[in-house]
Number of protein chains: 2
Amino acid sequence: MLSTARSLWILSVILLSTLVLAPDDSTAAGSGAWREIAPGIWKAVIGTPESIDLLKAAGSKPRLEALKEVGAAPLPYDLSKIETERFDGKTILRFPLAREEGIYGLGLNFQSVSQRGKILELRMDHYGGADNGRTHAPVPFFVSDRGYGIFINAARFIRISVGVGVRRDAANPPPVIDRNTGKGWNSVPPSDVIEAAVSGTGVEVIVFAGPSMLKAVQRFNLYCGGGVLPPKWGFGFMHRTPTLFSDRDVAAEAAEFEKRDFPLDVIGLEPGWQSMSYPCTFEWDKTRFPNPDAFLRAMKGMGIRVNLWLNPYVSPAASIYAALRPLSGSHLVWNGIVPDYTLEKARTIFEDLIRREQIDRGVTGYKIDEVDGHDVWLWPDHARFPSGLSGEQMRQIYGTLMQKMVTGLFRARNSRSYGLSRGSNAGCVSFPFVIYNDSYNHREFINALITSSYIGVQWTPEVRSSKSAEEWVRRMQTACFSPLAMLNAWSDGTKPWTFPEVEDVVRDTAYMRMRLLPYLYSVYADYALRGLPPFRAMNLIDAAGASSGMHISNARMKDQYMVGDNLLVAPIFAGEKSRKVELPPGRWFDFYTGMSAGNGETITVEATLGKIPLYVRDGGLIPLIEKRRQSPMPGQTLALEVRAYGNAPAEFVLYDDDGETYDFEKGAYSLTRLKTVTDASGNRRGEAETLRRGPMSYSPISWTFMTSGAK
Amino acid sequence: MLSTARSLWILSVILLSTLVLAPDDSTAAGSGAWREIAPGIWKAVIGTPESIDLLKAAGSKPRLEALKEVGAAPLPYDLSKIETERFDGKTILRFPLAREEGIYGLGLNFQSVSQRGKILELRMDHYGGADNGRTHAPVPFFVSDRGYGIFINAARFIRISVGVGVRRDAANPPPVIDRNTGKGWNSVPPSDVIEAAVSGTGVEVIVFAGPSMLKAVQRFNLYCGGGVLPPKWGFGFMHRTPTLFSDRDVAAEAAEFEKRDFPLDVIGLEPGWQSMSYPCTFEWDKTRFPNPDAFLRAMKGMGIRVNLWLNPYVSPAASIYAALRPLSGSHLVWNGIVPDYTLEKARTIFEDLIRREQIDRGVTGYKIDEVDGHDVWLWPDHARFPSGLSGEQMRQIYGTLMQKMVTGLFRARNSRSYGLSRGSNAGCVSFPFVIYNDSYNHREFINALITSSYIGVQWTPEVRSSKSAEEWVRRMQTACFSPLAMLNAWSDGTKPWTFPEVEDVVRDTAYMRMRLLPYLYSVYADYALRGLPPFRAMNLIDAAGASSGMHISNARMKDQYMVGDNLLVAPIFAGEKSRKVELPPGRWFDFYTGMSAGNGETITVEATLGKIPLYVRDGGLIPLIEKRRQSPMPGQTLALEVRAYGNAPAEFVLYDDDGETYDFEKGAYSLTRLKTVTDASGNRRGEAETLRRGPMSYSPISWTFMTSGAK
C-alpha cells in the first residue's frame with residue numbers, strides 16, 4: 001500500500017521525531033551566541049540557516065569601511081534577553097519591548113508609520129489596502145525609538161507580533177481588568193515582547209546599535225550594502241508612454257515635451273515594446289519598433305534615456321524559452337515560465353539577451369513589474385524550483401534577483417542606471433530601483449515614502465491622473481519631492497499639461513526639482529557612501545544632529561518628511577485650505593522666502609496652489625543650479641547658488657562626480673565644504689573649501705542669505 | 001558558544017536533511033493507498049498524521065449504519081490521479097479539476113458561494129470582510145458539481161488554490177494569449193487542478209461519492225458524526241438581554257414578552273452574569289444574580305430556558321484558575337489563561353464547575369464566544385500547549401473542544417441543548433451549536449446561511465438593530481427562517497417591538513416559525529439521522545429528487561435557499577420593491593396562497609412588507625401546528641394541519657419524539673407517512689400511516705389542499 005518513498009519518509013519521520021522534534025529548544029540566545037561582526041552590529045545564528053536568505057539573494061556585502069566610520073557603539077540592551085525557540089517547524093524569536101517603546105519599519109507601509117500593537121505577516125505581495133505585512137517590500141527590519149534596530153535575515157514569510165499576545169509567564173504583564181465594570185479595559189492588552197515566527201530550518205538575527213534611530217538605520221543600510229547613487233539624469237523627469245505606443249508615437253511625445261518646455265530626461269516604454277507580453281519575449285516588437293537602433297539613437301539625440309518595462313515571466317514565443325524551461329519552477333505566471341535565477345545558467349541566458357538586444361544598444365534602465373503579487377497571479381507558496389527553493393522562499397527574493405541581474409549588467413558597463421521595481425527586500429538598498437504600485441491614494445503614497453526610509457528601500461508617489469487640476473498639482477508637487485519624479489501614463493495617456501489651467505504651476509514644480517540637483521545629489525551621496533536615507537521620516541532626525549527628543553504626533557509622522565538633513569516637506573493634499581506642520585526643535589525658515597516659520601512648534605500654513613510648503617532648518621544650506629530642462633552632460637559646468645537660512649553657523653558638504661559611472665566608488669568624486677562665515681563687523685559671507693579633489697561641475701558659486709535680519 | 005540543546009538540534013538537522021528532506025516525494029497517491037472505509041467513502045493517509053486532527057478533536061465517529069443506508073456508489077473519478085507530495089515541511093495535495101467544474105464549500109463564506117478561481121487560507125478567524133478562508137468555520141471540505149466531495153482532515157491552516165496557479169507541466173494548460181493585442185487575455189488563467197498545502201507531518205484525505213452534490217454532503221456529514229436535532233424549544237424564539245442586566249431586569253424583560261404576546265422560549269444572558277469577564281470566572285455575579293436558583297426557577301416557571309454567554313479564557317479571579325494554570329498554553333487571551341482542553345485533567349476541572357454551578361441548576365445552553373479570532377485577541381500561531389500542540393493546531397479546534405465539552409455535559413443528563421458558538425469546524429456537525437458573528441450585513445448573512453449547508457455547520461442571521469422598520473421586518477423574516485431565530489440585544493437593548501409600526505408583522509413572522517415546528521423538526525431529524533442539511537443551497541437540490549440539472553445563476557445562488565426538500569425561501573432585503581426568484585425545474589406554488597408561481601423559470605415577485613416569499617414544490621406537504629407562543633411541553637398533544645401544494649402525488653415522512661432527550665438515538669421516535677390519495681372520482685384526500693411507533697404528539701390531523709384546480 002505504501003510506496004517505497006513514503007515508507008522511507010515515514011521511517012525518517014520517526015527518526016526525526018526522536019532526534020529533532022524532541023529537543024525543540026527554548027533558550028535565551030545566550031550572550032555567547034552573539035558576535036560583534038562590525039562596529040555596533042551583532043549577529044546570532046538560530047538553528048541551521050537555509051541555503052538562501054535575503055542578503056545572499058542580493059549578494060550583499062557589508063560596507064565595513066563605512067561602518068567603521070560610523071563607529072562603535074554600546075550594546076543597545078542585554079542581548080541575552082532575546083529568547084529563541086525551535087518549535088513546530090519554525091524558529092521563534094522573542095525580543096524584549098519596553099512599555100512605551102515605539103517600533104518602526106517592518107515593511108513598506110501605506111497607512112501607518114508606527115507598527116506597535118500590530119501583527120504582520122511579512123510577505124511579498126501587492127499592497128491590498130491594509131498594512132498587514134503583505135507589501136512590495138516586506139523587509140524584516142525594525143527600528144526602535146530606544147535607538148537600535150533588529151533584522152531577521154530570512155527569505156521566508158515572517159509572522160511578527162509587535163507587543164501583542166501577552167505570555168502567561170510575562171515579566172511585565174498588563175493589569176487584569178473586568179470588562180463588565182472596570183475602566184480602561186483593553187481589547188489588545190500590551191505585551192512586553194516582540195515575537196517573530198519564521199518557517200524553515202533557521203535564521204540569522206542581526207542587531208544594530210544606535211544610539212539614534214537614524215544611526216541604527218544607517219548601520220542596517222551599510223550592512224546590507226549601502227545606498228544607491230542614481231546617475232544625475234535619474235533626478236530628471238520620467239514620463240511613461242501608453243502601452244501600445246510605436247517608435248513614432250514616442251518620438252512625437254518627446255518632441256511635445258521639448259516644445260512645451262517641460263523637463264524630460266527619461267522616457268519609459270510599457271509592455272507594447274515587446275513582441276509579446278504578457279508573458280514576455282523581451283524582444284522588440286517589429287511592428288511598433290521596426291528599428292530599435294534608430295529609435296534609441298533618436299532618443300539619445302534628444303537627450304532622453306529609455307527605460308523598458310518587463311515582468312520576468314517568459315513566453316513560449318521567446319527565443320530564450322526553450323533554454324530556460326528546464327531551469328524554471330513548477331508553476332507558470334500568466335502562462336510564462338518562472339526561471340530560477342538563483343542558478344547561474346539561467347541568469348546567463350537572460351542576461352545575454354538583455355545585454356545584447358537592449359543595454360548594448362543604449363537602453364538605460366528597466367521597470368520590473370509584478371515581482372510582488374497578487375497571490376492569484378504568482379506561483380503558489382509550495383511551488384518547487386530546480387535549485388530546491390520553495391515558492392515561499394522564491395516569492396521573497398524574486399524582485400531581488402531581478403534587480404541584481406539588471407544592476408550587474410549596467411555595472412559591467414560602468415554605467416549607472418535608475419529604474420523601477422514593484423518588489424524589493426533587504427539587500428536591494430544598493431540597487432538603482434524605486435518601488436511603485438497600482439494603488440493611487442495620495443496620502444498613502446506619502447505614508448509609503450515615509451516608511452520606506454526605515455527599511456532601506458525607495459518609493460515613488462508617481463502621478464497618473466487626477467480628478468481635478470488642484471489634485472494634479474498636489475500630486476505633481478510630491479512626485480517632484482520624491483526619489484523619482486514620474487508621470488506614469490501607460491494606461492491613462494495623461495500629459496503634464498493635461499490640465500491647461502495649471503500647466504505653468506506644474507512646470508515650475510518640475511523645474512524646482514531640476515534646480516535642486518546639487519542638494520539631492522549630495523543627499524544621495526550620503527545614502528551611497530554613508531547609508532543615510534535621502535528621504536526620511538520625521539523621527540529619523542538624528543538626536544545628535546539638528547535636534548533631539550523628537551516627539552512628532554502620529555498624524556504628522558504620516559504627512560511630512562525630510563529630504564536630507566535640511567529640507568522639511570509638508571505636502572498639501574487636494575481639498576486642503578491649510579495644514580498643520582510640526583517643526584522639530586530649533587528655528588525653521590520658509591524655503592521660498594527665508595522668513596522665519598517657527599521654533600520647534602506646530603504651525604498652520606495656508607495652502608497656495610503654486611507651492612508645496614518647504615522649510616529649512618536654522619543654519620541649513622541649499623545649493624541650487626539654474627533652471628534647466630534636462631540633467632547636465634558630464635563635464636558641463638554649472639553656476640551654483642547657495643541659499644543660507646537662519647542665522648546659525650551653516651555648513652554643507654557638497655558632493656560631485658562624473659554623474660554617470662561607478663568611478664565614484666573608486667574615489668573619483670569631489671567634496672566641497674560650503675559654509676557661512678561672519679566677519680569682524682558682523683557681516684556674513686559664504687566660503688567653499690575643497691575637502692577632496694575630483695570631478696566638480698559647479699562654478700561660479702554665489703551666495704544668497706535668505707533670512708533678513710539674520711546675523 | 002552553542003548550547004547543548006542547539007548542538008544536538010543541529011546534529012539532528014543534519015540527519016534530517018539526509019533522511020527526511022532528501023526523499024521529499026512527489027507521487028500519485030496510487031490507488032493502492034486509497035481504501036474504501038464506508039459505502040462511497042475512500043480514505044488515504046499522506047505522510048504521518050499528527051497527534052490531533054479535526055475529527056479526533058471532535059471525537060467524531062462515522063455513522064456507519066446510516067452510511068450503509070445511503071448506499072454504495074462508484075468512485076467519482078480515478079483516485080490515482082490525486083497527486084501528493086511532501087515538501088518544505090508541508091503536505092501538498094493535487095486534485096484534478098475539469099474545465100467547467102464548479103466547487104463549493106471550503107469554509108463559511110459571506111460574499112461568495114462558488115469558490116472556483118480563489119486562493120483561500122482556511123484558518124479559524126472572524127469574518128473580516130473578504131472570503132479568503134479566514135472564517136468562523138474554516139472547514140476543509142469541498143463539494144463538486146460533478147457529484148463528489150473531498151475532505152482534508154487536518155487541524156492546520158490549509159492553503160488551497162481552486163483552479164488557480166497553472167503548472168508548467170499541466171495536462172490541460174490554458175491557451176497562451178498576448179496581452180498586448182490578443183483578445184480574451186485572462187489575468188488568472190484557469191488551472192486544471194485544485195492544490196492544497198498543509199503544514200505539519202501529514203494528513204488524511206477522504207473522498208465522498210455522490211452521485212449528487214447533496215449525497216456527497218450527506219456522506220460527509222454522516223462520516224463526521226451526523227447532524228444535530230435540537231430540542232423542540234430550540235425552534236422557539238431566543239432573546240439575548242443587555243450585558244449588565246440583573247435577574248430582575250431579565251424577569252421584567254421576559255414578562256414584557258408575555259404581555260406583548262411575543263414568542264419566547266430562550267433568554268440569553270451576556271457577560272454580566274459572571275462575577276468577572278473578560279477574562280471569565282464562569283461564576284454568578286453576586287450583585288446582579290444574588291440567587292441563581294431562584295432566578296432559574298422563575299424562568300422555568302415562565303416556560304423559559306436560560307442560555308449563558310462565555311468565552312473560554314480563565315480569569316485569575318476564577319476558582320478554577322490555579323488548577324488550570326499549569327494545564328494552559330504559553331499565551332493569554334485578555335489576560336486569561338487558555339486551558340489545553342485536549343487534556344482530560346483540564347476538561348474535568350472545567351466540566352465539574354459548569355455542571356455543578358450551572359447545568360445541574362437548570363441552565364440549558366451556552367453561547368461560546370471568541371473561539372474564532374481576531375489574531376490580535378487570541379494566542380499566536382507559535383504558542384505552545386502542554387499537550388505539545390501548537391497555537392496553529394489549537395486555533396483550528398478550540399471551538400470544537402468547547403462545543404464537545406458542553407455537549408457532553410448535556411448528553412450525560414440525557415437532555416438536549418441548543419446554543420451558539422463563534423467558531424466551528426469539521427466534526428462539530430453533531431454538536432448543538434449555531435455560528436454567529438459580529439458583522440451585520442443582511443445579504444452576507446444570507447450568503448453565510450447558504451454556504452453553511454455545504455460544510456456541516458449551522459449559521460444564524462441574527463437580528464440586533466435596524467435603521468428602519470422595513471429593515472427590521474426583513475431581518476426578522478430571515479432570522480425566523482433560519483436554524484436559530486434570535487434577537488441578540490446584548491449591546492443595543494432592542495426589543496421585537498422597537499419599531500411599533502411593524503410590531504404586528506414581526507409577531508406574525510415569529511408565530512409562523514412556531515407553526516412550522518413539525519416541518520422543521522422533521523427536516524432536522526433528516527439532518528440528525530441521515531445527514532441531510534436542513535437549510536440548503538439551491539444546488540443541493542438532489543438531482544435524483546425534485547429536479548435534476550440545477551443551473552442557478554450566481555446571483556440567485558446567493559439570495560435564495562431551501563428549507564428541507566419542499567420549501568424555497570426568497571428573502572426580501574430592505575429597499576427592494578421586487579426581486580427575482582429562480583424556481584428549480586418543475587412547478588412551484590406560493591406557500592401562503594397555494595397559487596401557481598411558475599414552472600422551472602425565473603419569476604419576479606413584488607415585495608410586500610408582511611410576508612417573506614416562500615414557495616413549495618409540486619407535491620410538497622407542509623405540516624403545521626396552531627400558533628403558540630412557546631414550544632410544546634413533552635407529551636402535549638397538538639392539532640396538525642397538513643398543507644398540500646400542487647397536484648403531483650405528495651408524500652412527507654413526519655418525524656416526532658419526546659422533544660427533549662437523546663432517547664431518539666436509541667430508537668424512541670415515531671415516523672408517520674403523510675400522503676395524498678386520489679380516489680376513483682378524482683377527489684383528493686390525505687392519509688397518515690404509521691411507519692414507526694414511538695412518541696407522536698400530533699392529533700387530530702387535518703388536510704388543506706392549497707392549490708385550487710389541482711386534481
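Visitor: Which residues in H12(A) meet A:Leu517, A:Pro518 and A:Leu520 in H13(A)?

Guide: This is a predicted model, in which local features need pLDDT of at least 70 and side-chain atom pairs count only at pLDDT 80 or more, while totals for chains, interfaces and linings use all residues. Residues are numbered from 1 along each chain as its sequence is written, chains are lettered from A and ligands numbered from 1 in the order in which they are written, and side-chain values use heavy atoms, with hydrogens and water left out. Helices (H or I, at least four residues) and strands (E, at least two) are DSSP runs numbered from the N terminus, and contact means heavy atoms within 4.5 Å. On that basis, the residues of H12(A) that meet those three in H13(A) are A:Arg513, A:Met514 and A:Arg515.

Visitor: Is H12(A) oblique or roughly parallel to H13(A)?

Guide: Axes are lines fitted to C-alpha atoms, for helices over the stretch in contact, and angles run from 0 to 180 degrees between N-to-C directions. Angles under 35 degrees count as roughly parallel, over 145 as roughly antiparallel, 65 to 115 as roughly perpendicular and the rest as oblique. The axes of H12 (residues 503-515) and H13 (residues 517-530) of chain A come within 5 Å and cross at roughly 55°, which means that H12(A) and H13(A) are oblique.

Visitor: How is H10(A) placed relative to H11(A), roughly parallel or oblique?

Guide: In chain A, helix H10 (residues 442-452) packs with helix H11 (residues 469-480) at an angle of about 10°, their axes being 11 Å apart. The contact brings A:His442, A:Phe445 and A:Ile446 of H10(A) to A:Arg474, A:Arg475 and A:Thr478 of H11(A). Because of that angle, H10(A) and H11(A) are roughly parallel.

Visitor: How many salt bridges are counted between chain A and chain B?

Guide: A salt bridge is a side-chain nitrogen of Lys or Arg within 4 Å of a carboxyl oxygen of Asp or Glu. Between chain A and chain B, the count is 12.

Visitor: What is the area buried between chain A and chain B?

Guide: Buried area is the accessible area (1.4 Å probe) that two parts lose on being put together, summed over both. Here 90 residues of chain A are in contact with 90 residues of chain B. Carbon and sulfur atoms give 54% of the buried area, which is about 7,600 Å².
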